[in-house]
Amino acid sequence: MLATKVIMDQGIHVEGINFFTGFCVEGHTHAIRKKDKEKQKRNNSLWVAEQLGIKLHIIDISEDYKDIVLNPKHGYGQNLNPCLDCKIFMVNQAKAWAFMEENGFDFIITGEVIGQRPKSQRLETMPIIARESGAEDRLLRPLCAKHLPPTVPEREGWVDREKLFDFHGRNRKPQMALANELGIDEYSQPAGGCCFLTDEHYSRKLADLWDARGERRYEVDDIMLLKVGRHIRPANNFKVIISREEGENNFLSGYKREFTTIKCLSHPGPLALVDGNPSDSDLELAARLVARYGKARSADKATLQIEPKGGEGFVIEVAPYPAEEIPEEWYV
Amino acid sequence: MTEQATHQLNTRRLLCPLPVIRTQEKIRELQPGDILEVTCTDPGALHDIPAWCRVHGHTVLGSRQDDLDIIITIRVEE
């Protein structure tokens with residue numbers, strides 16, 4: 001927001017690009033969980049575009065992004081976050097879009113600040129991003145430009161370098177002061193994680209998915225489901241995804257055709273999906289787990305409906321799994 | 001009263017921002033004056049699609065709820 005405003009204030013036309021990778025925190029979890037539905041549903045990038053009065057283009061890169069997640073040339077951060085490769089890829093995609101004849105832009109700006117992020121925003125990574133994205137010296141970072149060599153827009157005089165900044169480090173006070181000076185009094189929470197791949201728990205679930213499949217691959221539906229419900233893996237060949245509340249129940253019910261489903265008939269309880277290739281005894285175990293997470297938890301017996309993927313549905317009576325007996329290592 | 005839709009877009013089951021992305025892609029194929037009716041199930045689309053329309057200068061003619069469906073009607077502008 002700040003970088004855009006700084007450039008707009010020099011009389012330059014700016015439009016925004018926002019990428020959808022499938023791992024975006026914003027949006028999905030708010031849309032799924034009922035308790036989050038009460039929260040404001042604002043899409044921050046659209047909100048920023050409105051505040052600035054610019055167009056925003058939201059681009060779906062989720063398919064091509066798989067290769068970045070699966071094979072990051074520069075490696076992962078603390079979890080499965082390929083931040084440097086991600087940045088390079090996004091700048092490359094922005095360049096491809098911006099320099100298309102029909103769009104006709106002359107350069108790209110980002111809000112990067114040297115030292116603000118440990119993996120992707122360091123002095124030594126700035127030229128790597130510019131070079132490997134192919135944007136080269138048409139990539140301008142208005143907030144820390146004075147620490148970097150002049151780019152094409154500065155050398156050509158399209159942008160006045162003297163009006164750019166020399167911010168660095170994790171301290172955001174200078175940016176907040178500039179925001180205040182520019183009359184920006186509301187902005188999205190700084191340093192808030194916006195990518196599930198930086199989340200330890202989520203990364204563990206993704207790694208578990210790859211382990212169980214014996215190969216590192218995913219579909220967009222897989223990564224959506226990792227954001228929802230309790231994931232319990234009693235064995236390598238199957239995993240049970242149990243909804244935690246009504247919103248997740250509704251979301252999981254959209255996958256009835258693609259997965260085996262389990263629902264308790266005798267007591268109120270959650271909907272569950274079974275991922276993998278469960279045997280009949282695995283399904284019985286899964287049903288016991290599902291019963292444990294519903295009102296049947298303290299009952300001696302519960303009756304559940306199992307709808308196998310592509311098979312004939314049947315009813316099963318089981319003893320709910322005692323909570324204290326579920327091995328800790330089953331929880332993904 | 002909303003105008004008669006000339007084009008339909010189904011984004012049921014998709015979560016934001018995908019309904020916005022599909023709307024953006026569809027509108028790129030349309031002509032000014034065309035009326036697009038987008039059907040979604042993610043309540044977030046009720047905020048995001050009108051916001052996207054505002055920044056791109058398209059007009060939201062109305063929105064309504066039909067059971068679990070949310071239907072947003074848009075007039076494509078220049």
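This is a predicted model: local features need pLDDT of at least 70, side-chain atom pairs count only at pLDDT 80 or more; totals for chains, interfaces and linings use all residues.
**Figure 1. Chain A as a whole.**
The secondary structure of chain A amounts to 13 helices and ten strands. Its C-alpha trace spans about 75 × 40 × 40 Å along the principal axes. Chain A has 332 residues, and 39% of them count as buried. If we take the contacts in chain A between residues at least 6 apart in sequence, 63% join residues at least 24 apart.

**Figure 2. Where chain B touches chain A.**
Here we turn to the contact between the chains. Chain B contributes 18 residues and chain A contributes 19 residues. On the chain B side, the elements that give two or more residues are helix H1 (18–29) and H2. Of these, H2(B) gives the most, with seven residues. The chain B side divides into ten nonpolar, four polar and four charged residues.

**Figure 3. Helix H4 of chain A against helix H2 of chain B.**
This view looks at one helix pair in that contact. Helix H4 (residues 44–52) of chain A packs with helix H2 (residues 45–56) of chain B at an angle of about 30°, and the two axes are 10 Å apart. Because angles under 35 degrees count as roughly parallel, H4(A) is described as roughly parallel to H2(B). Their crossing is left-handed. From H4(A), the contact is made by Leu46(A), Trp47(A), Ala49(A) and Glu50(A), and from H2(B) by Asp48(B), Ala51(B), Trp52(B), Arg54(B) and Val55(B). By type, the residues of this contact are six nonpolar, no polar and three charged.

**Figure 4. Helix H6 of chain A and its buried residues.**
Take a walk along H6 (residues 83–98) of chain A in this one. The buried residues of H6(A) include the run from Cys83(A), Leu84(A), Asp85(A), Cys86(A) and Lys87(A) to Ile88(A), Phe89(A), Met90(A) and Val91(A). Further along the helix, Ala94(A) and Ala98(A) are buried too.

**Figure 5. Val6 of chain A, in helix H1.**
Val6(A) lies in helix H1 (residues 2–8) of chain A. With 22 C-beta neighbours inside 10 Å, Val6(A) counts as buried. Leaving aside neighbours within four places in sequence, Val6(A) is in contact with Pro142(A) and Leu164(A). Look for Leu178(A) as well: Val6(A) and Leu178(A) are 172 residues apart in sequence, yet their C-alpha atoms are 9.5 Å apart in space.

**Figure 6. Val332 of chain A, after strand S10.**
Val332(A) sits in the segment after strand S10 (314–318) of chain A. It has 19 other C-beta atoms within 10 Å, so Val332(A) is partly exposed. Not counting residues up to four places away in sequence, Val332(A) touches Arg204(A), Lys205(A), Asp208(A), His231(A), Ile232(A), Arg233(A) and Lys239(A). Between Val332(A) and Glu219(A) there are 19 Å in space, C-alpha to C-alpha, and the two are 113 residues apart in sequence.

**Figure 7. Glu136 of chain A, in a loop.**
The next two views are about backbone geometry. Most residues other than glycine have a negative phi, and most peptide bonds are trans. Glu136(A) has a positive phi of about 50°, although it is not a glycine. This residue is found in the loop between H7 and S4 of chain A. Glu136(A) has 13 other C-beta atoms within 10 Å and is therefore partly exposed.

**Figure 8. The loop between S1 and H1 of chain B.**
Two residues deserve a look in this loop. Arg13(B) is placed in the loop between S1 and H1 of chain B, and its phi is positive, about 75°, although it is not a glycine. With 13 C-beta neighbours inside 10 Å, Arg13(B) counts as partly exposed. Pro17(B) also has its place in the loop between strand S1 (7–11) and H1 of chain B. The peptide bond from Cys16(B) to Pro17(B) is cis, with omega near 15°.

Key
Residues are numbered from 1 along each chain as its sequence is written. Chains are lettered from A and ligands numbered from 1 in the order in which they are written. Axes are lines fitted to C-alpha atoms, for helices over the stretch in contact, and angles run from 0 to 180 degrees between N-to-C directions. Helices (H or I, at least four residues) and strands (E, at least two) are DSSP runs, numbered from the N terminus. Angles under 35 degrees count as roughly parallel, over 145 as roughly antiparallel, 65 to 115 as roughly perpendicular and the rest as oblique. A crossing is left-handed if the near helix is turned anticlockwise from the far one by less than a right angle, and right-handed if clockwise. Two residues are in contact if their C-beta atoms, placed from the backbone, lie within 7 Å. Ala, Val, Leu, Ile, Met, Phe, Trp, Tyr, Cys and Pro count as nonpolar, Asp, Glu, Lys and Arg as charged, and the others, Gly among them, as polar. A residue is buried if 20 or more other C-beta atoms lie within 10 Å of its own, exposed if 12 or fewer, and partly exposed in between; C-beta atoms are placed from the backbone.
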